[in-house]
Amino acid sequence: MKQKVFNVWQLYVLLLLPLIHLFIFKYYPMYGAMISFKDYSAVEGILGSEWVGLKHFIRFFNSHDFWTIMWNTISLSLYQLIAGTPFPIILALALNYVRNQHFKKTVQMVSYAPHFISVVVMVGIIIQFLSPRSGIVSNIAGLFGYEIGNWMGVPEYFQSIYVWSGIWQNVGFSCIIYLAALSGIDPSLHEAAVVDGASKLRRMWHIDLPGILPIVIILLILNVGNMMEIGFEKALLMQNPLNIRTSEIIDTYVYKVGLISSVANFSYSSAIGLFKNVVNLILLVSVNHLARRAKQTSLW
Amino acid sequence: METIREPFGDRVFNVVNYVVLSLFFIIVLYPLIYIVSASFSSSEAVVSGRVWLWPLNLLWMGIGQCSVIKKLRLDSGTRFFTPFLEH
């Protein structure tokens, strides 16, 4: 055993680097999470502040915003997960059956382009498009004699705008991984299916989909593990006083309560952040467990 | 070598596939072109909603208002950008 380790010591040195990174940037900061159980004051420091137990958690659970914020966060990320998962798969399947390579490459390249637009610019584009006076959406609606109001100000539309603009932006980029998985499928399966007279739709259903299912499940597990964190910047930028009822999610709430309010409350906001991460961990472990029980791929 | 003709269903599939992908292509590309056009158009044309696809009243004003370039013009002391920005 000792001899084995020593023979490949170079590999262990390589492994050391990511481990050090993990420790410094992921594990060491957890020491600061301690302040969610304390009344943190900058004068006393992290260790010197007084322990208060679960006070901040209880305050959060009892605050009258709690259920609204939880509901906004969970419904937004579920919406994103359910609406966002099928499109990259469909796009990858469709591209996979295009024989004209020029057409395929052009569509792919254009579909990647929005991914590289930064969040701020993206929200600017959304606001510009939906502007009730000069936006292109209201122009098109005007052609048909309709008048649309200010969609950014309608609380009911916030989630749809958020999710569908996200799909527009990321569908091309997320289909890359499925395209890679599709190209890894054994071509002899397809040849056999063609000889047996299977249509393209049948081949998709019986060869391609089972072939990429492991990747789909892994990505789904990872996405569920991130369920409580949805793009903080995008939600914050898309917020306005009119749609705050549906656009206030946990992350924006933490930001407002903990950092920009006049009485910054670090303990309270780190308690909320800790709570969020615990929920994420539970979700990740239970979805992984479900996947393993269903005899599918799982993370561990 | 004689190739096997694709069955009718597959040819329908091909057509539908190309149509759907072309539609998708337009949906993704249009906003990108629009934003580039809008940034090169005069702000009146954008605000009044006359910009559809290509820039109108092509001016470098939209870009000229970009603070980075203004700053470049003010700071650098060179007259490189001024021919485009003076109007």
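Q: In what order do the elements of chain B run from the N terminus?
A: From the N terminus on, chain B runs α-α-α-α-α, and the count is 5 helices and 0 strands, where helices (H or I, at least four residues) and strands (E, at least two) are DSSP runs numbered from the N terminus. This is a predicted model, in which local features need pLDDT of at least 70 and side-chain atom pairs count only at pLDDT 80 or more, while totals for chains, interfaces and linings use all residues. Residues are numbered from 1 along each chain as its sequence is written, chains are lettered from A and ligands numbered from 1 in the order in which they are written, and side-chain values use heavy atoms, with hydrogens and water left out.

Q: How much of chain B is buried?
A: Of the 87 residues in chain B, 25% are buried, meaning under 20% relative accessible area, as against over 50% for exposed and in between for partly exposed (1.4 Å probe, protein chains only).

Q: What share of the chain B contacts with a separation of 6 or more is between residues 24 or more positions apart?
A: Such pairs account for 9% of those contacts in chain B, a contact being heavy atoms within 4.5 Å.

Q: Switching to chain A, how do H6(A) and H1(B) cross?
A: The axes of helix H6 (residues 86-96) of chain A and helix H1 (residues 8-40) of chain B come within 10 Å and cross at roughly 125°, with axes fitted to C-alpha atoms over the stretch in contact and angles running from 0 to 180 degrees between N-to-C directions. H6(A) and H1(B) are therefore oblique to each other, since angles under 35 degrees count as roughly parallel, over 145 as roughly antiparallel, 65 to 115 as roughly perpendicular and the rest as oblique.

Q: Which residues make that contact?
A: A:Leu91, A:Ala94 and A:Leu95 of H6(A) meet B:Asn17, B:Leu21 and B:Phe24 of H1(B). By class this contact of H6(A) with H1(B) has 5 nonpolar, 1 polar and no charged residues, where Ala, Val, Leu, Ile, Met, Phe, Trp, Tyr, Cys and Pro count as nonpolar, Asp, Glu, Lys and Arg as charged, and the others, Gly among them, as polar.

Q: What about H6(A) against H10(A)?
A: H6(A) packs on helix H10 (residues 155-183) of chain A at an angle of about 50°, with the axes 7 Å apart, and that makes H6(A) oblique to H10(A). The residues in contact include A:Leu91 and A:Leu95 of H6(A) and A:Trp164 and A:Tyr178 of H10(A), and the contact has 14 nonpolar, 3 polar and no charged residues.

Q: How are H12(A) and H16(A) oriented?
A: Helix H12 (residues 200-225) and helix H16 (residues 266-293) of chain A pack at about 155°, their axes 7 Å apart, which makes H12(A) roughly antiparallel to H16(A). Among the residues that meet are A:Ile217 and A:Val224 in H12(A) and A:Leu283 and A:Val287 in H16(A), and the contact divides into 7 nonpolar, 3 polar and no charged.

Q: Last one: where is A:Asp251, and what does it touch?
A: A:Asp251 lies in helix H15 (residues 250-260) of chain A and is buried, with a relative accessible area of 12%. Not counting residues up to four places away in sequence, A:Asp251 touches A:Met228, A:Glu229, A:Ile230, A:Phe232 and A:Lys276; A:Glu229 is 22 residues from A:Asp251 in sequence and 7.2 Å from A:Asp251 in space, C-alpha to C-alpha.
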